[in-house]
Structures are given as structure tokens and as C-alpha cells.
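Dear colleague,

I am handing over the structure we spoke about, with the sequence beside it.

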Amino acid sequence: MLAVWAVSTLTMLVLAGALPDFRLQSETGESGTQIAVTAAFGAGAFGLLSSLVWPLLVRALLLVPALVLGLLVFFLNGSLLVLALRISPSGQGEAAPETAVVVAAVMSAVASATGGALAVRDDDAYRRRLYRLAERRRRHAEGRPGPAGPGTLFLQLDGVGHDVLEAATEKGLMPTVATWLGRPSAATTHSRPTHPRPTHRLTPWRTDWSSQTGASQLGILHGTNHDVPAFRWYEKDSREVMVCNRPSSAAELQRRAIDRTGDGGLLTVDGASRGNLFSGGAEQLALVLSIAARRGRRNRSRAGYFAYFSDPANAVRTAMSFVADVLREIGQSTRARFAEQRPRVKRGGFYPFIRAFATVVERDVVVSAVIGDMFAGRAAIYADLVAYDEVAHHSGPHSRDAAKVLERLDRSLALIAQVAEHAPRAYRIVLLSDHGQSPGETFLGRYGLTLGNLVRAGCGLPVPRRAQRTHSGAEARAAVRAALRIPVEEGVEEYRPTRRSEPVVLASGNLGLVSFPDVPHRMSREEIDARHPALLSTLANHPGIGFVLVRSEEHGGVVLGAHGAEVPIGELSDEHPGPLADFGPGAADAVRRTHGFPHTADIMVNSWYDPADDEVLAFEEQIGSHGGLGGCQSRPFLMSPLALSEPVEEDEDLVGAEHIHRVLRRWLREADGPQVPLAGQERPEGARGTARPATKQPAPAKAQNPADA
């Protein structure tokens, strides 16, 4: 603290000499000692006012959008500086309003950088700070029973596939993860060639056909993703388009899941949900999309922003990191354009700001919320970090841009692991992802037309001369709109045809959905052929299409491929995959399951997939995509402490988000006492849902690593 105060004083002296509208002496002049005393008092008063007044200002500005609050940081800090100078005993300090904003921003940034540098260079100082925070919470909790048994932290690295994680540990991009897996990282190879002792195991798992966050996270947190055929789909009974990252849709999907399972979710008892699409039944919520559509006090989705920005140092540091990442993205996209990299998508407009929100603001706020949850000793925490997914969509999953994001995410994991050492209870840290990403150029880039235009051509409808680009469904976009408190509902009119007899064509990565809104039921192949004889053959024989699923009056359902290939849905298997041969094991089961959903589209279209290059063709403007079958997008990972039981038996595959939910529930039950509620049993006081009677479990093995502590 003294070092930060001294540096702030020196900064104020330097700025007083450099800026004409900022002075620390009267016009007649003062002695050097008086000027120094004025600067020291001003710096101290500014720091004290920031720590005392700033949280109250933030509380008073709860209705201000989160990103607008970030901009107000500078103006409010400037006001505090003016106040600090005016209460100085010398009364000689003075600053013009616009100059005060600059001086306050520089002083906050320098103080933040000084504190960060001291923490980085002095591990003992950093540890002492964590001990003080933990001790403060322990004193506050005196007289109350402490938490029983270890807590569990689930950290979702959105979009990081099993292959990407493996490569990142081998290249030294993620030394923290490499250490947990007992692998030497680039940072330790030269100094310590021996392998560290592993504390975690890495297990790949396979998604459902809809390999995207909405389907996966709903299944993981709420135990079912039934009737979620894609990221966006048209429901004929309500004549509405459901979009997983639309708050009203997310709320409805969560309601349906709870009705289907009869259970509140994975986090119902003493849980926290941070940065997710769904709540998981948690009482502690921050940045949760399914409650973002609520108005008034019932909407706690933005609470995490204000808790984080109540610290002015956090606000200034994040604001400056935000600006730096915007400039970084502009530089990276400019370099890619001049180098004529292929494939490439447009990255202008608001995208640099959307990316910076995901890679800086949301990451910082979620990590801060997780640290607070751990110090509070919560039993189960589930948090989603979306930074990699957002960058990989536009730069590519194996790009240098995405690799840099993985490095920064690993530093966040290291910080969380250090905090776990000082939490009031032991924590088991589980890493997982909801899907991977498959590279490849866009369908529009390769063929010069969108899937919608191809469908219109097959229907004999006029095709626009200029293809319209599809809307990217990256999760960060909805989070930005929710943070800004602007309408977060995607324009439904963009999906509605000009005439009801025209098809609605929607894209979810490399999965396309075609629906005919004037027919109230799911159309059969026979009905489609009677209305549009060329449509199904146009789709199935196009070189950019892998296969097509359609209902059949004769066979129940049929999968169509090129050159007249067709296989009834009941005859599909891994041994006889038909048009699904290139899509790997489990593809037949995934397609068959989706075929049984009530809201599956009239025609389901999966893009071409090249197993040699592991590439797909996205129907959206993304060069790293997910949402359908084909390649790494369907192979996420689950990384668990060795103290927990094996996720599956040795000869068993881990398939589907619902299976992941069952595994996570089992791990929570392995802790001492009840963690996950079951319907029909006694409800614990203050909790939503019901609890399983406590069963005595063997004591967990002693942690060998901060990540397992």
C-alpha cells in the first residue's frame, strides 16, 4: 500500500508539471516541500475516496448499463480527484474538469499496474493478500458452522475441443493445465525435465448432433436437452423462432427442462452460476442469460458487473485492457487481410468491441465472481469462459489469435488455483468444454450462395442476385446486448418469409434447418416431393452438403445423400452408416435421437465434411464453427481430479450432455453431505428443490496440487 501511495504521489507530481490545467501550487509559487505534501495528501485522499465512495456510487448506478458504467469510471474518478484536491489542507491544488479525468485515469492505471507488478514479482506478498481476504471472511463467519466437505468448481472453457487442449499443453500454451495432467510444459522443460505428478485425468466426450452451447449447457446443468435440435429453429405451433442465446428463449428452454426432469438443476443447493446461458437452479447468479429478460429486482444477471466494477482499480484496469484488445483485434485482422489469409471472414464494424467484451470484460467479471464464491465457501460453482469460442469463430480454432487467448485463459486458471489454497473449504476443480470447433471456409465463400438461396433455387423461387450474409450466433453477442440493456431479442422478422408458403431457412454453424410455416405439422418426404419435386435432390446432391434428414411416411425417417443414396433411419448404425460414413462413430445415434424431437425441422441439412483435413463448411460467417456433425466440434473434453471417481468405465464412451450431467451429479454426491436435490424428498431450508438424504462417503484423498485443493 505504501509503495502504491508513493508511486501515485510521484505520478501526480509529474502530471502537475506536464499538464497546464493541473497544478499543486498557488500562482505565487510554493516551496518544493509544500508541493510534495499537497501531492501526497491529494494522492492519499484520492485513493481513500475511491475505496470508500466508489462502491456507493456504483450501488446508486445499478440501472446504468454495464459498459456505460465502464466509461463513467473515468468521469467519476475525475470528480473524486477534484474533491480530493479541494479538501487538501493547503487548498492550493486545482484541476480543470477535463484534465482531472485524464489525471485520475493515469493515477488509477499506474496504481493498478504497480500493485499488479508487486503481486507478480513477490509471490509472498500475493499470498499474504489472499490470506488477509480469507481471514477477513473467516472472522465475518465466526460463530457459524463452516462448510462440510469439499466444494466443486466446474470451469467451462467454451469451444475448446479435446484436440485443441491436447495441442495447447504440448506447445506450452497452457502450463497450468499441463501441470495438472502431469505433463512437462515449455516453462518447466529446461529447468525441470521430470514429469510433475498428475492431479487430473483428461477424458474426451461426444456431443449430440447439435454441438453448441445451448444444447450442451442445458443438458449439463439441467439434465436434459430434449427438443433442442439446433442453435436456432422454427416452432410451428407458436410460429416463433427459438434462439438459444435469446434471453426469452433461454428462459423457456430452462422452464421446459425443469418440467421434464422435475428437478431444479445441478446447482440447486448452495450453488452459483456465472456467465452461463442457464441458471442450473442456483440462487447465486451473475451474467446468466436465462434471467436477462427479467425487469426490476428479479433480474440479477448483471449483478456480477457491479460487484466487480465497485473496485475502481478493477474498473480502470479492465477498461484499459478492453481498449488494448480492441486495438489488438484491429491489428490482427489488418495483418490477416494484407497477408490474404484464407479462409477469412469480415471482422470489422462492432466485432472488435464484441471480441474485447468476451476476452476481457466477461472473463474478468466471471473470474472475480468465481473467486468470491470460493471465499464464500459455496458448495458448487459453474462458470463459463467464452473468450476462446468468440475468437476462434472469426480467426480460426488453430490460429495464432486463438492461441494467445488460450494463454490468457491459462493464467486465469492459475489465479483461481492459487485462490483455492486460501478458501474456507477444499475445492475440486473440474475443467470441461461444451463443444469443440471445426475449421473450414464458409458455404457462401466456396459456392457464392447461401443455404437459403440454394433452398429457394430448389423450390423454384427467385434467388437474390446478391447473397445476404448470415447472422453469427456467437454467445458473446447476446452477452454484450444484455450488458448494454438494449433489446437482446434477435429480429424475428429476419427469419420470416415474405409469403407463408415460402420456407424458413436457419443456420446453426454447419447445420441448416428448413421449415415450411404454412404446414402445421412436420412435412414428410412425400409431401415435400409433391410440392417441390427438385428440392431434396438439389440439396442431397450439392457438393457442399453431407447429408439430409427428412421424415418419411414409409420409413418413419430417411437420410439422403449424394447420387441417390438413402437409408431409412431405423437401419442406420455405425456398421451401416450410409451417407454418415465420414462423420464417425455415434453419428447414426445422434441423428436418430434428433429425428424424434417434436420441433425438428421439415428438412435437416448437415454440411459436407472432409475427414482428411477435418474441415466443414459453415452456413454462417464463421471459419471456426460448431452446431452440427463433422470433426472436432463434436469432441469436447472433461478434465477431472483424480480424487473423483472415473467418469466412465474403461470400455464405455462418454456420449451426450445428459451423460455429463449424470457424471457431475455423481461427483457432487461424492462430497460429504447432500449436494444435489432429488424430487419428492425433504426440502432443505432456504433452498429451491429438494435434497438427497446425506450418506457417508469416504474422505477424499489429500490434494497434491492447488487445483485439487
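In this predicted model, I603, V605 and S607 point one way from strand 17, while M604 and N606 point the other way, and all of them are buried. Strand 17 covers residues 603–607, and five of its five residues are buried, so described here as mostly covered because buried means under 20% relative accessible area.

Turning to its neighbours, strand 17 runs antiparallel to strand 13 (residues 511–515), to which four bridges join it, and in this pairing L513 stands opposite M604. Strand 14 (residues 545–552) is also antiparallel to strand 17 and is joined to it by five bridges, with F547 standing opposite N606. Strand 14 in turn is joined by five bridges to strand 15 (residues 556–560), again antiparallel, and there L549 has V559 as its bridge partner.

These strands belong to an open sheet of six, in the order 12-13-17-14-15-16, with antiparallel pairing. Strand 12 (504–508) and strand 16 (566–568) stand at the edges with a single partner strand each, so one side of each is left without a neighbour in the sheet. From one strand to the next, the twist averages 20°.

Helix 17 (residues 451–458) lies across strands 12, 13, 14 and 17, running at about 150° to strand 12, whereas helix 21 (residues 587–595) lies across strands 14, 15 and 17, at about 40° to strand 14.

With best wishes

Note on methods. Residues numbered from 1 in each chain as written. Predicted model: local features only at pLDDT ≥ 70, side-chain atom pairs only at ≥ 80, totals over all residues. Heavy atoms only, no water. Buried < 20%, exposed > 50% of the residue type's maximum accessible area, 1.4 Å probe, protein only. Helix = DSSP H or I, 4+ residues; strand = E, 2+ residues; numbered from the N terminus. Pairing = 2+ DSSP bridges. Axes fitted to C-alpha atoms, helices over the stretch in contact; angles between N-to-C directions. Contact = heavy atoms within 4.5 Å.
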